[in-house]
Amino acid sequence: MADEKKSSRFPSILTGLRGVLMLLAGIYAVLFPGAALLVLTTLAAALFVIDGVLGLWAITFGGGKTGNFWFDVVRNALSIVVGILILISPLLGTLITATFLVYLVAFQAILVGAMEIVVVVRERQLYAKIWPVLLSGVLYVLFGALLVFWPLEAAVALVMVGGVLMVVFAFGLLGLAWRLYQSGH
């Protein structure tokens, strides 16, 4: 009977553990965003290597053929090469990866903002008030420009935002774990 009660609390213990780990990771990301970005990039590089190796194994031995053999080989080989290059120089890999991703977000924001401005000016007779949409477009363009001029700072700021969100979600997980524990799960 006691073993049954202990084993039924396993979900609450796992949920609580997830909450604690998320809380610690969120605090780490807020306090040390540059180091957290380096850790994330290194983990991503390790995943690239693992994905490439498993992909080549699946093509060769696992029967994982998609009908486009050379594409699969090149994709998996590139995954391994990129992962190894980042693992050889994690700091350089982090700088290049973070900068590239921030530039993608920046150019998307500039494009969306410019499109909003063009549409609202072209179709202004359809809008009761054009200034909110115009302001939104201008803010998108300004946000994108800020990201273009300060990509690494933006990446660090985004890691800090992610850390804050992790802390918030961690408290939610800890609350869920407590409710599960109280209900005997």
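Start by selecting Phe32: at 46% relative accessibility, this residue counts as partly exposed, a class that runs between buried (under 20% relative accessible area) and exposed (over 50%), using a 1.4 Å probe and protein chains only. Before you click on, note that this is a predicted model, where local features need pLDDT of at least 70, side-chain atom pairs count only at pLDDT 80 or more, and totals for chains, interfaces and linings use all residues. Residues are numbered from 1 along each chain as its sequence is written, and side-chain values use heavy atoms, with hydrogens and water left out.

**Stop 1: rings**

Rings of Phe, Tyr and Trp (its six-membered ring) pair if their centres lie within 6.5 Å; planes under 30 degrees apart count as stacked, over 60 as edge-to-face and the rest as tilted. By this rule the count comes to six aromatic pairs. The ring centres of Tyr28 and Phe32 are 5.5 Å apart and their planes meet at 50 degrees, so this pair is tilted.

For a stacked pair, hop over to Tyr103 and Phe107, with 6.0 Å centre to centre and 20 degrees between the planes. Both sit in helix α5, four residues apart, about one turn of the helix. An α-helix has 3.6 residues a turn, so residues three or four places apart point the same way. Tyr103 is partly exposed, at 29% relative accessible area.

One more ring: select Arg9 and Tyr181. The charged end of Arg9 sits over the Tyr181 ring, 4.2 Å from its centre. That wording needs NZ of Lys or CZ of Arg within 6 Å of the ring centre and within 35 degrees of the ring normal.

**Stop 2: helix α5**

Now select residues 90-122, which make up α5. Helices here are DSSP runs (H or I, at least four residues), numbered from the N terminus. With 33 residues, α5 reaches 47 Å from its first C-alpha to its last, close to the 48 Å expected at 1.5 Å a residue; that expected span is 1.5 Å times one less than the number of residues.

Which helices do the buried residues of α5 pack against? They pack against α3 (33-60), α4 (69-88), α6 (131-149) and α7 (151-182). Zoom in on Thr94, buried at 5% relative accessible area. Not counting residues up to four places away in sequence, Thr94 touches Leu37, Leu38, Thr41 and Thr99, where contact means heavy atoms within 4.5 Å.

**Stop 3: the core**

Select Ala29, Ala36, Leu37, Ala98, Val102, Ala106, Leu147, Ala154, Ala155 and Val159: these ten residues are the largest nonpolar core. Such a core is a set of buried Ala, Val, Leu, Ile, Met, Phe, Trp, Tyr and Cys residues joined through side-chain atoms within 4.5 Å. Helices α3, α5 and α7 are the elements that give two or more residues to this core.

**Stop 4: a salt bridge**

Finish with Asp51 and Arg75, whose side chains meet in a salt bridge at 3.2 Å, N to O. The term asks for a side-chain nitrogen of Lys or Arg within 4 Å of a carboxyl oxygen of Asp or Glu, and the structure holds one. Asp51 lies in helix α3 and Arg75 in helix α4, so the pair ties together parts that are 24 residues apart in sequence. Asp51 is partly exposed at 35%, and Arg75 is partly exposed at 37%.
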